[in-house]
Structure formats: structure tokens, C-alpha cells
Amino acid sequence: MATTQKVLGVILLGVILSACAVGPNYRTPRPDLPPQFTAATGAQSTAEATTAIVDLATWWRSLDDAELNSLVDRAIKSNLDLEIALTRLQQARTYEAVVVGHALPEVDASAAEGRGTGSDLSRGRAEQPLRSADNSTGLAHLNTLAGFDAVWEIDVFGKYRRAIEAARFNRQAAAAARENVITSMVADVVRAYIDLRGYQIELGVLRQASDVLKESLRIVNLRYQRGITNELDVALATRELNALDAQIAPEEAQVSAAQYALAVLLGEYPESMVNELKTADLIPTTPGAAAPGIPLDLLKRRPDIQQAERELAASTARIGVATADLFPQVALVGAIGSQQGQAAGSTQIIGKHLWSFGPGAVWPLLDFGAIDAEVDIADLEAHASLVNYRKTILNAVREVDSAIDSYSAEQTRLSDLGLAMLAGQRAVELATERYNRGLTDFLNVVDAERQYYDIQEQYVSAQIAQGEQFVQLYKSLGGGWENYQQVPAIRRPQAAIVAAFRRVLGATAP
């Protein structure tokens with residue numbers, strides 16, 4: 001009775017102490033953010049109107065391109081980087097179950113059989129908790145021992161609770177990392193699509209210019225044959241045509257490279273998508289202004305910031321795991337089973353039932369500072385995670401400011417180039433007309449055409465750059481992952497004995 005009361009007292013004491021968990025309790029830092037983005041100088045009414053049009057969760061749909069929408073949807077289903085991120089998330093979720101399992105009682109089966117000159121032949125063969133219950137009184141030899149033992153380490157100082165916290169935070173960080181992959185992958189698909197359409201237009205401009213220059217060369221040859229002009233005009237027209245034709249093959253290679261990049265982003269071989277993407281189309285038209293909100297919004301929207309914050313939380317929890325190793329480890333240990341042995345002075349075999357139950361404790365006293373150093377290491381890792389969290393926020397704000405400035409600059413550049421292209425076209429018409437009337441030489445026509453084609457190329461490049469900056473802006477704002485947070489459930493882990501048979505049967509199944 002007294003022994004039972006002592007055991008119950010130890011259990012009660014463990015329960016009371018288990019309310020304590022060493023190590024710091026995590027609190028989300030509150031970074032000092034600016035009230036607004038420096039580059040956001042647009043009027044509030046314009047920003048609100050743009051926000052109503054462009055939904056951050058599906059920002060690419062504001063480009064109103066059915067082919068692009070299809071590519072993004074297929075990439076989310078088939079992208080290999082996203083599959084890797086999902087696998088790592090499932091791994092983190094499964095590991096959380098591992099940590100929880102270690103915090104619960106563990107039961108093992110143990111058996112030993114021996115012959116020899118020793119009095120206890122189970123020694124070194126059976127588990128120690130079961131051996132602690134054997135009874136060799138009246139036996140010459142203890143030959144056979146079999147039974148079950150159980151160990152439950154009581155979480156007096158919160159080591160397992162902190163480990164479970166760390167595993168949960170790591171799982172949340174893995175989920176944020178997957179969302180960050182979605183954000184980047186969607187941006188990569190849209191950017192590659194804009195590049196593809198831009199390169200196709202550039203290729204079309206080059207081919208159209210080549211046709212014009214061929215016709216110009218034909219006319220110059222006719223004028224030369226009739227004695228109206230000289231051989232220099234023929235040489236200039238030939239040089240201009242050949243120089244332009246030299247740009248076509250590299251541009252075709254750029255178109256192919258953009259098609260290949262899109263195919264890989266969709267998890268497919270390039271050969272399977274060339275036919276789908278070979279027909280040229282216009283570069284999607286981007287919206288005018290953008291409403292970035294305020295920097296504080298980034299803490300909730302950007303997955304990389306959420307990932308860095310969850311990694312900080314996990315690092316903080318691991319300080320508690322390391323600190324708990326400085327204190328006693330208390331466990332309840334029990335065993336039940338049976339034994340057989342030869343009676344002393346005879347050949348009779350005697351069998352007995354056995355059991356044992358009680359607490360145990362281990363307290364490291366002298367380790368020359370090794371455990372204390374582990375606590376310091378965990379604390380330094382948490383500090384590094386805190387600095388990384390601050391750095392991630394700082395870079396996020398910078399990226400948004402840079403994207404707003406760049407997007408606005410490309411819009412202005414595109415508008416100016418549009419006016420220049422109209423003037424360049426008019427200059428070609430006037431130079432050609434004056435040359436046909438004999439009022440100027442062919443060099444002026446060549447110069448006007450060269451400058452016009454150069455402006456056309458700059459205009460298409462500006463369209464591509466504007467589209468890319470549009471993508472960068474909404475990627476920096478953290479949009480695109482919100483509608484894809486659902487993931488498949490993980491398989492529920494089974495007890496070791498059940499899992500052993502399941503995996504053996506699964507491995508031998510046809």
C-alpha cells in the first residue's frame with residue numbers, strides 16, 4: 001500500500017511539474033515598417049479603382065489572355081518544383097507525428113533464451129526493464145525470460161512540448177515555402193509567356209522589314225539598270241537587307257527557348273508544346289496604375305516573410321528543447337512477463353510470472369559545459385532566424401518600391417516610343433518620296449528605314465519590359481497562392497507491429 005502511494009505521488013508530482021516548460025515563449029516580432037511605399041505616389045482614388053480590377057489572388061487574369069490562364073492552371077497541377085515543395089510539406093507534417101509519438105509511452109516485446117554456466121542467462125539478451133523483474137531465488141539457472149516492457153518519459157520540463165511546438169512551426173514554414181513556390185512559379189509562367197509573345201512579335205517585325213527591304217532592293221536594281229541611280233545605292237540596299245536578315249535566326253532561337261522554358265514550367269518536354277505555342281499572338285495588355293497597399297500588408301501576403309517568421313518560431317522553440325536537457329529526465333518504467341529456470345539441486349523446471357513498475361530519473365551533472373553550449377547554439381540560431389526575418393521584410397519592401405518605379409518608368413517609355421514610332425514611319429515615307437522625285441540620295445532613305453526599324457524593336461522591347469515589371473510588381477506583392485492552399489492528407493502512421501506486417505505484405509504483393 002505504501003509503495004503504491006509513493007508511485008502515485010511521483011506521478012502526481014510529475015503532472016504538476018509538467019505545467020512548466022523551460023525556454024522562452026515565442027511572441028511574433030513587430031517590425032518597424034514605414035507607413036507607405038516611397039514609390040507609391042498615385043492618387044488614392046486611382047489606387048482604389050485598380051485594386052477593384054486586379055485581384056491579387058489571380059492577378060494574371062487581369063491580362064485577359066485565355067491561353068495564359070490555361071498555362072498557369074496546368075503549371076499549378078504539373079510543375080515539378082511545386083511537387084517537390086508539396087513533398088517537403090508532407091514530410092514536415094509526418095515528422096510532426098513522429099515527435100508527438102516520442103512524447104507518448106512506448107511498449108516493446110522482449111524475450112531471451114539461454115543455456116550455460118551462469119545463474120541468470122537472460123542477462124544481455126532481454127530488455128533491462130523486463131530483466132529488473134526477474135527472480136532467480138531457488139533457481140540454479142534462469143534460462144527463459146519473455147514479456148513486455150513500457151517506458152513513458154514524463155515531460156516535466158517541457159522538452160517534448162517544445163519539440164512539438166518546433167515541429168508544428170516547421171510544418172507551417174514548409175506550407176509557406178510551398179506557397180512561395182506557387183508565387184514564384186506563377187510569375188515565371190507569366191513572364192515566360194510575355195517573353196514568348198514579345199519575341200514572336202520581334203521576329204514578325206524583322207520578317208516584315210526584310211520583305212520591305214527586299215522590295216526596296218528590287219526597285220533600286222531596276223533604277224540602276226535604267227541608269228537612274230548608281231551602284232552605291234544598290235550596295236547600300238544590299239548591305240541593309242543582309243544586316244537585317246542576320247538578326248532573324250537568333251530571334252527564332254529566342255522564340256524556341258521561350259517555348260522550351262514554358263514547357264519545363266508545365267512539367268512537360270518541349271516537343272509536346274511547340275505546336276500549341278508556335279502561332280504568334282500579341283503581348284497581353286497590362287493594367288495602368290497599381291495599388292500596392294501599405295508595407296504592413298506584406299507581412300500577411302508574402303509567403304517568404306511568413307516562412308521566415310515560422311522558422312524564427314521553430315528556432316525559439318528549440319531553445320526550450322536544448323534547455324530541458326540541463327534538468328533531470330524522469331520516466332515511468334514497467335514490465336510484465338514470465339520466466340522459466342532450473343530449480344537448484346534438481347532438474348525440475350520452474351515457471352513464474354513477473355512484473356515491475358516504478359519511476360526512474362537521470363540528471364546530467366558533469367559534462368564540461370557541452371549541454372550548456374548546445375543551449376547557446378540554439379539561442380544563436382534563433383537570433384540568426386530573427387535577423388533573417390528582418391532582412392526578408394526589408395528586401396520585400398525594397399522589391400515593391402523598385403517594381404513600382406520600374407513599372408511606371410516602362411509605361412512612360414512605351415508611351416514616348418509610340419510617338420517616336422509614328423514619327424519614324426512618317427520620316428520613311430517622306431525620305432522615300434523625295435528619293436523617288438530625285439530630291440535626295442538613297443542614303444537618307446536607308447537611314448530613315450534603319451532608325452524606324454530600330455524604334456520598332458525598342459517599342460516591342462519596351463512592351464516586354466513593361467510586362468515583366470508588371471509580373472515583378474505582383475510577385476513582390478505576394479499574390480497568386482491564396483486559392484491553392486489545400487493539400488492532400490498524409491497517411492495516418494500506424495503502430496510498429498501493424499506497419500511491419502503492412503510493409504512486408506505490401507513489398508511481396510504482386
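A: A residue is called buried when its relative accessible area is under 20%, exposed when it is over 50%, and partly exposed in between, using a 1.4 Å probe and protein chains only. By that scale, aspartate 64 is exposed, with a relative accessibility of 71%. This is a predicted model, in which local features need a pLDDT of at least 70 and side-chain atom pairs count only at pLDDT 80 or more, while totals for chains, interfaces and linings use all residues. Residues are numbered from 1 along each chain as its sequence is written, and side-chain values use heavy atoms, leaving out hydrogens and water.

Let's look inside at the cavity. Rolling a probe the size of a water molecule over the atoms shows where empty space is left. On a 1 Å grid over the protein atoms alone, a cavity is a set of points where a 1.4 Å probe fits but cannot get out, whereas a pocket is an open set with protein on both sides within 12 Å along at least five of seven lines; lining residues have an atom within 4 Å of a point. Grid points are joined across faces, edges and corners, and a volume is the space filled by probe spheres set on those points. By this rule there is one cavity of 30 Å³ or more.

The largest cavity has a volume of about 90 Å³. It is lined by 14 residues, and the closest to its centre are Glu153, Phe157, Lys159, Pro328 and Gln329. Strand S2 (139-154), H6 and S3 are the elements that give two or more residues to this lining; helices (H or I, at least four residues) and strands (E, at least two) are DSSP runs, numbered from the N terminus. The lining splits into eight nonpolar, two polar and four charged residues. Here Ala, Val, Leu, Ile, Met, Phe, Trp, Tyr, Cys and Pro count as nonpolar, Asp, Glu, Lys and Arg as charged, and the others, Gly among them, as polar.

Now take one of those central residues. Glutamine 329 belongs to strand S3 and is partly exposed, with a relative accessible area of 33%. Leaving aside neighbours within four places in sequence, glutamine 329 is in contact (heavy atoms within 4.5 Å) with Glu153, Lys159, Gly360, Ala361 and Val362. Its C-alpha is 20 Å from that of alanine 166, a residue 163 places apart from glutamine 329 in sequence.

Strand S3 itself (residues 329-343) runs antiparallel to strand S4 (residues 349-362), and 14 bridges join the two; strands pair if DSSP finds at least two bridges between them. S3 and S4 make a hairpin with five residues between them, and glycine 345 in the turn has a positive phi of about 75°. In the loop between S4 and H12 sits phenylalanine 368. This residue also has a positive phi, near 60°, although it is not a glycine, and it is exposed at 76% relative accessibility.

Helix H6 is the other element to follow. Arginine 162 is found in H6 and is buried, with a relative accessible area of 3%. Not counting residues up to four places away in sequence, arginine 162 touches Ala21, Val22, Gly23, Pro24, Asn25, Ala317, Gly320 and Val321.

Outside its sequence neighbours up to four places away, valine 190 touches Trp59, Trp60, Leu63, Leu68, Val72 and Val471.
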